[in-house]
Amino acid sequence: MAISESSQNAGPVSITSILKRLAYPVSADAQVSAEEIASVFALIFENRLGEVQMAGFLTLLHSTGKDKESDVIAKCAQRMRETTCQIERAPLERVIKLRGRPEGNYKGGLCDIVGTGGDSHSTFNISTTSSILASPLLMSAKHGNRASTSLSGAADILNVIEPISPKISAINTGNVAKVYEETNYAFLFAPNFYPGMAYASSVRRDLGLRTIFNLMGPLANPVEWALEARVVGVAYQSLGSVFAEALRQSGARKALVVCGEEDLDEISCAGKTNCWRLSEDPSPSLDAPSEGGSGDDGKQIPQTPVKLETFQLHPSDFGLPVYPLTAVHGRKMPEDNAAMLMRILRNELPRDDPLLAFVLINVAALLVTSGICEANSSDMGSGDDGQVITERGPGGGRWKEGVRRARWAVESGEALRNFQKFIEVTNKLD
């Protein structure tokens with residue numbers, strides 16, 4: 001039984017029928033569909049579901065494994081995006097066009113790097129740091145929140161940057177474009193864009209379970225419609241293909257899903273990483289299935305086929321040695337990780353530092369996924385006049401070139417300058 005759309009002023013809704021069918025599926029006809037599950041999330045975001053039924057619903061999704069089905073993740077994330085405080089597109093599109101610098105196969109659009117969390121390794125804030133380091137080369141739109149499965153989340157470390165921290169709570173739907181007028185970097189603090197998430201916070205906290213909310217987050221960037229490329233880390237191998245398919249169903253054209261062999265939601269510095277890569281097929285066969293559908297704005301997504309490749313990466317593919325995860329431990333307080341972030345940006349770590357290597361391989365992965373590493377020296381627009389590394393590794397990626405360009409972002413001071421401009425502009429926001 002699907003739940004119909006409702007007005008904001010309507011009262012609570014019972015989902016007893018759906019709960020019973022989740023708990024006691026007796027036939028194929030009684031199975032709860034992805035659309036029905038997504039419709040329940042619409043009720044949660046409207047504050048129209050009681051806490052008892054919400055807890056039962058999330059628990060049943062977890063116990064039945066429904067929360068790890070690609071169509072369920074994709075449709076629930078779509079419902080979540082529909083509830084966001086909407087960013088006006090025209091001003092943001094205009095500033096992206098003016099500021100974005102196309103290179104290679106990168107068109108100048110927004111990019112994100114994010115993990116699902118929950119891998120229990122408590123490593124350093126790799127995706128946050130990587131998003132900043134990539135910003136001299138890519139338009140970076142980092143979506144994040146406070147910690148939920150670690151001691152130090154993205155928002156936690158940004159809030160304690162010294163001597164002056166960025167004012168991330170001031171960034172909202174009305175001024176995102178203004179931030180990008182002065183810098184290639186923006187941090188989109190989830191509570192500012194998804195107020196409906198607050199209705200589920202106490203239930204999620206009291207349950208103590210990893211729920212589908214953890215998987216929806218990487219698909220719910222407030223500027224999802226403007227994302228050109230992303231890297232998503234998942235905490236379990238079994239989620240790799242599932243998440244790649246969820247991304248494909250959501251309209252992603254360039255994406256790399258990664259999971260370290262030790263069940264790490266980053267590209268590992270300690271050994272092999274399994275990868276699932278989505279990319280546009282430049283030469284599809286005539287009988288290749290077309291991919292497409294309607295985006296969040298109702299416009300038709302281009303029908304260019306998207307291909308999925310699977311391969312493994314190793315630190316040696318990036319031209320770097322192996323370092324144990326104990327060398328990049330991040331189980332520290334936000335102040336400690338914030339200080340280390342600034343040391344990296346100030347180029348204060350030795351070139352062979354394990355933590356720096358860990359960050360560089362993840363930055364490189366985002367650069368390769370964006371297509372910017374396909375640029376030749378003659379058409380590079382970043383001010384980087386170094387020797388391009390054309391060597392290709394697993395999946396055909398120029399991973400060593402990605403590391404070379406990531407090092408340039410640090411050693412040139414450009415990553416630090418972009419971040420300082422971000423701090424400056426956010427502290428001027430009302």
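Buried means under 20% relative accessible area, exposed over 50%, and partly exposed in between, with a 1.4 Å probe and protein chains only. By that rule Ser-70 counts as buried, because its relative accessibility is 17%. The model is predicted: local features need pLDDT of at least 70, side-chain atom pairs count only at pLDDT 80 or more, and totals for chains, interfaces and linings use all residues. Residues are numbered from 1 along each chain as its sequence is written, and side-chain values use heavy atoms, with hydrogens and water left out.

**Whole chain**

Start with the cartoon view. The protein chain holds 16 helices and seven strands; helices (H or I, at least four residues) and strands (E, at least two) are DSSP runs, numbered from the N terminus. Of its 430 residues, 55% count as buried. Contact means heavy atoms within 4.5 Å. Among contacts between residues at least 6 apart in sequence, 77% join residues at least 24 apart.

**Ser-70 and helix H12**

Select Ser-70, which is in helix H4 (residues 70–82). Leaving out residues up to four places away in sequence, Ser-70 touches Val-242, Glu-245, Ala-246 and Gln-249. Next select helix H12 (residues 239–249), which lies across E4, E5, E6 and E7 and runs at about 20 degrees to E6. For such angles, axes are lines fitted to C-alpha atoms, for helices over the stretch in contact, and angles run from 0 to 180 degrees between N-to-C directions.

**The sheet**

Now show the strands. Two strands pair if DSSP finds at least two bridges between them. The seven strands form an open sheet in the order E3-E2-E1-E4-E5-E6-E7, with mixed pairing. Strand E3 (185–189) and strand E7 (306–313) stand at the edges with a single partner strand each, so one side of each has no neighbour in the sheet. From one strand to the next the twist averages 20 degrees.

Select strand E1 (residues 110–115), where five of the six residues are buried.
- Towards strand E2 (residues 139–144), E1 has two bridges in a parallel arrangement, and Leu-110 stands opposite Met-139.
- Towards E4, E1 has six bridges, also parallel, and Gly-115 has Gly-233 as its bridge partner.

For an antiparallel pair, select strand E5 (residues 255–260) and strand E6 (residues 273–280), joined by six bridges. There, Ala-255 has Leu-278 in E6 as its bridge partner.

Helix H6 packs on the sheet and touches E1, E2 and E3, its direction making about 165 degrees with that of E1. Eight of the eight residues of H6 (residues 126–133) are buried, so the helix is largely enclosed by the rest of the structure.

**Ala-226**

Move to Ala-226, in the loop between helix H11 (213–216) and strand E4 (227–233). At 14% relative accessibility, Ala-226 counts as buried. Apart from neighbours within four places in sequence, Ala-226 is in contact with Ile-96 and Leu-110.

**The nonpolar core**

A nonpolar core is a set of buried Ala, Val, Leu, Ile, Met, Phe, Trp, Tyr and Cys residues joined through side-chain atoms within 4.5 Å. The largest one has 140 residues, and Phe-41, Phe-57 and Phe-419 have the most contacts inside it. Helix H14 (residues 354–370) supplies the largest share of this core, 13 residues. The core draws at least three residues from each of domain 1 (15–68) and domain 2 (89–194 + 204–281 + 303–428); these bounds come from an automatic or database domain assignment.

Select Phe-419. Not counting residues up to four places away in sequence, its contacts are Ile-132, Leu-158, Ile-161, Pro-166, Tyr-185, Met-342 and Leu-345.

Ile-37, Val-40, Phe-41 and Ile-44 in H2 meet Met-54, Phe-57, Leu-58 and Leu-61 in H3.

**Backbone stops**

Most residues other than glycine have a negative phi, and most peptide bonds are trans.
- Asn-47, in the loop between H2 and H3, has a positive phi near 60 degrees; at 47% relative accessibility it counts as partly exposed.
- Asn-347, in the loop between helix H13 (334–345) and H14, has a positive phi of about 60 degrees; at 35% relative accessibility it counts as partly exposed.
- Glu-162 and Pro-163 are joined by a cis peptide bond with omega of about 5 degrees; Pro-163 lies in the loop between helix H7 (154–158) and helix H8 (176–180).
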